[in-house]
Amino acid sequence: MSTHRSRRSFIGFTAAGFSTLAVSRLALAQGASEPPPRALQVENAVVEPVSVEVNARAIPHFEPRDRTRTRFGSLEYRSGLVLTSPYRGFGGLSGIRLDAKGEGFLAVSDQGGWFTGRIRYSGGKMTGLDDVEAAPLLGAEGRPITEKRLWWDSEAIARDGDVVYVGLERVNQILRYDFSKGGTRARGAMVPVPPGIRKLPSNKGLEALVFVPKGKDRNMPLAGTLIAFSERGLDADGNLTAFLIGGPTPGQFSVRRTEKYDISDAVLLPSGELLILERKFSWFTGVNIRIRSLQLKSIAPGAVVDGPALFAADLGHEVDNMEGIDAHVTSEGETVLTLISDDNFSMLQRTLLLQFTLAE
């Protein structure tokens, strides 16, 4: 049975009972709350630079039960793709950053790999990926980071021009890459992190990075700061811990945790609005995702920040283990959000690439 069909069969079930396949899919798809053990942690690691063939199948409707619906909260569905590849290392995509046009992309796999390429469009809708290449993340000595114990779990990515930051969850470290020195062949240097980051849970640690840009055309608070969010590192009040690294006011703050959601990624909009992508898992409701809005100006050391939900979806929609989010502005002035899922290299999950317009 295909994953598409198994997913559809799940949606038809009531909360009174689940099939064995559906329950297995939910447990795998969540990946963040209680992931199953993975015996060979670097089984699908990228070991050398290579061109990758990626196939794409269109997702015409975000909610198959109502094909006329395109508005979901504050988002308008644009298009989506199911991505597959014969290349064994393709998958586990946990973060993505796009160029200003929303075409060129840099993604990171949670098994220590880079993926680069271009999104192909037709009439504003995504139709496929071109020029996809994979390469291993390198450490300071020029060797793949997967050669180090537990250094394979690359979950977070942020970009400041040619400088790219990658967060490693299992060891709660951050690597800095200068792409002007070889692109994805550049070597990573460790970024000094606050003691609180080193104390995060090994499998609920660094999950999202955002860099606040600086420059003459930027008038943002925290300019020059790298913001690091934990997946489920909790403070004394049960809120999600986050950190300000560098910049004018380094320190620690918290994000109000509600409805048992965990953070999986974040993106800063030009307006100063910070969007966090969240997810949760329940045996009764399955995988749920949410996008919440925070104001950058409210973030400061010691603060507890909160904001409204702009979007929510579950397995009744075309979602999976959504782990990455980014944004770009079109020539028409529309803000487009791009989401990507981590398939955990499971036959029961999918790599999805989704795009929405942020409504006014």
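Strands, labelled with an S here, are runs of at least two residues that DSSP assigns as E, numbered from the N terminus. Keep that in mind as you explore this predicted model.

**Stop 1: colour by confidence**

Start by colouring the chain by pLDDT. The average is 88, and 87% of the residues score at least 70. Now select residues 1–40, where the pLDDT is below 50. This stretch has 83 contacts in the model beyond near neighbours in sequence.

**Stop 2: the largest pocket**

Next, select Leu 98, Arg 159, Leu 268, Asp 326 and Ala 327. Of the 26 residues that line the largest pocket, these are the closest to its centre. The space inside this pocket comes to about 720 Å³.

Which strand gives the most to the lining of the largest pocket? Select S22, residues 322–329, and you have it: S22 supplies four residues. Other elements that give two or more residues include S5 (93–98), S6 (104–109), S13 (206–211) and S17 (262–268). S9 is on that list too.

**Stop 3: a sheet of four strands**

S9 takes us to our next stop. Show S9, S10, S11 and S12 together: they form an open sheet in that order, with antiparallel pairing. On average, neighbouring strands here are turned by 30° against each other, direction ignored.

Zoom in on S11, residues 173–178, which pairs with S12 over three bridges in the antiparallel sense. Select Tyr 177 and look across to S12: the bridge partner there is Gly 188.

**Stop 4: a sheet of five strands**

Now show S1, S8, S7, S6 and S5. In that order they make an open sheet of five strands, again with antiparallel pairing. Which strands are at the edges? They are S1 (50–51) and S5, each pairing on one side only.

S1 runs antiparallel to S8 (residues 125–136), and two bridges join them. Click on Ser 51, and you will see Glu 133 of S8 standing opposite.

**Stop 5: the cavity**

How many cavities of 30 Å³ or more does the structure hold? There is one, and the largest cavity has about 70 Å³ of space. S5, S6, S7 (113–122) and S8 each supply at least two residues of its lining.

Definitions and conventions: Residues numbered from 1 in each chain as written. Predicted model: local features only at pLDDT ≥ 70, side-chain atom pairs only at ≥ 80, totals over all residues. Heavy atoms only, no water. Pairing = 2+ DSSP bridges. Axes fitted to C-alpha atoms, helices over the stretch in contact; angles between N-to-C directions. 1 Å grid on protein atoms, 1.4 Å probe; cavity = no way out; pocket = protein on both sides within 12 Å on 5 of 7 lines; lining within 4 Å. Points joined across faces, edges and corners; volume = space filled by probe spheres on them. pLDDT = per-residue confidence, 0-100. Contact = heavy atoms within 4.5 Å.
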